[in-house]
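Please open the model in the viewer and keep the selection panel at hand.

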Amino acid sequence: KKLNGNDSAKGSSVYFHRFDTFGKTSDKDWVYALPDGERVLGCATGSGWCGVMTSRRLLRLFTVGGIQGPIIWLPGEPVTIVGRDRFMAVIYHRSMSPMQDGTQLLGYSIIDGVNGTTIATGDVSALSPGASLTWAGFTESCALTVMDSDGMLSLLARPNNELSSIGNWVPFLDTVGLKKSFSDNFWPVEVNGGRLVCVLLRGGKQHPDASRRPVTTTLKLRMPMATCLSMKSGVEEEASVRANIALDQRKLYDDVLVSEGKMDAEDIEEEYDTMCRQVDKITLKLFNTFVTARKVERALDLANRFHIEKTFDIAVMAADRMNLGRLCEKLEEMKNQKFPPLDEDFGDEGSYDSGIDEGRSDSFDDKPKIISRQQLAEMQRISPDTLHTPQKGRSGASTDEESPPAESLKRKFDDDNVNKSTKRRVNPFAKKRFESPAKGMMKFASPSRPTLSKARSRPNERR
């Protein structure tokens, strides 16, 4: 293909059109020409990146501004590429020859579109026997989903822990039972909010008509769970399993947002706690079903899915209401293991109470601490003479080695004794009376007793 009159550019051209820019409008679009013989097989874009996979098994990364990024070799022949936010998934052939039943052997790689780092890789085992891949995409929490030619929608459930980074493919919706006719097909658009947004195709069509706007429909996700013959709990059990998987994927995505600085850690934590309460409500419904049917083993196994400490308390109350004492003990043990109680005693050396006791057990030479306003009031009512009582030896002489008080202080004590001579002295060793602290600290003049005039007393005399 010629580019600007240059005959040397014979490879495919990559043209990127931006919808908005803070620079010049004429510079917002850019175009690149690939080397000779290299053809573009697929492309995807996300937040700040653009990826192109080519016929030479190369993955070329670009920024939205038009800067070339790293070039990565793909493990196999490329099949498709999808992207959302900063994540990009490339699906390729692990082997060009399928299995004996015709099932494709595919692999996937989840790559950071900004810096080209491989986040996860593995096999696409979410294909029915003899089926082929028909669609791939990301959910709102950036979880990879695929659909095969048999109408089975599967999700890559990555674990929310540091023990393993390899995820498992989980079937989330089987559209075969939702078809009204054998020739009907569902053309997926996206997976959002626990629903599959798709276009219903009738009459054996494989793609919607491009000349008109298609009408979309939504299908609620529902895992193909086995039916329990002993009791009816299929709906609640499926909802509990699916909700816990979705919660783990949301947690992974929230950790990425926090690491990038797009969200505050406290806000993410509050949002995660709210989601945990919603998931625990679903699990508690199934727990109450098992407790009512007195299926204690199932109820105890289900308690492993609880996320909040309060949920354990509610579960214990439900078990106690049904007089299942042994189950209550097991739940309490599980709660203490998952949420260890805080140790109230901080040790003999670091304990606050022990420090107080040690301080009280010291010598009596230390001055007592005033811890209340009442004690302060009592000490203020004590006479100054009692505050300094010199000790006398056998000879009657004073043994107090301290220097006598200053003249000004002595004069002040004398004036206080004259003013308080008419007042009753308080014995410091007498039993204390509990009075208001303000009573001893503030003195108010008592009001004069009201007297009746003669004019008002005459009617009484007449009576």
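Which residue, with a positive phi, follows helix 4? It is Asn 323, whose phi is near 60 degrees. This is a predicted model, in which local features need pLDDT of at least 70 and side-chain atom pairs count only at pLDDT 80 or more, while totals for chains, interfaces and linings use all residues. Residues are numbered from 1 along each chain as its sequence is written, and side-chain values use heavy atoms, with hydrogens and water left out.

**First stop: helix 4**

Select residues 309-321, which form helix 4. Helices (H or I, at least four residues) and strands (E, at least two) are DSSP runs, numbered from the N terminus. The 13 residues of helix 4 should span 18 Å at 1.5 Å a residue, and the end C-alpha atoms are 19 Å apart, which agrees. The expected span is 1.5 Å times one less than the number of residues.

Next, colour Thr 311, Phe 312, Ala 315, Val 316, Ala 318 and Ala 319, which are buried. They cover an arc of only 165 degrees around the axis, which puts them on the same side of helix 4; the arc is that of the directions from the helix axis to the C-beta atoms. Buried means under 20% relative accessible area, exposed over 50% and partly exposed in between (1.4 Å probe, protein chains only). On the other side of helix 4, Lys 310, Met 317, Asp 320 and Arg 321 are exposed.

Now show helix 2 (265-292) and helix 5 (325-338), which are among what covers the buried residues of helix 4.

**Second stop: aromatic pairs**

The structure holds eight aromatic pairs. Rings of Phe, Tyr and Trp (its six-membered ring) pair if their centres lie within 6.5 Å; planes under 30 degrees apart count as stacked, over 60 as edge-to-face and the rest as tilted.

Select Phe 16 and Trp 30: their ring centres are 5.0 Å apart and their planes at 10 degrees, so the pair is stacked. Phe 16 lies in strand 1 (residues 13-16) and Trp 30 in strand 2 (residues 30-33), so the pair ties together parts that are 14 residues apart in sequence. Phe 16 is buried, at 13% relative accessible area, and Trp 30 is buried at 9%.

Phe 306 and Phe 312 form an edge-to-face pair, 5.3 Å centre to centre with 85 degrees between the planes.

**Last stop: Gln 249**

Select Gln 249 in helix 1 (residues 234-260). Gln 249 counts as buried, at 6% relative accessibility.

Technical notes:
Contact = heavy atoms within 4.5 Å.
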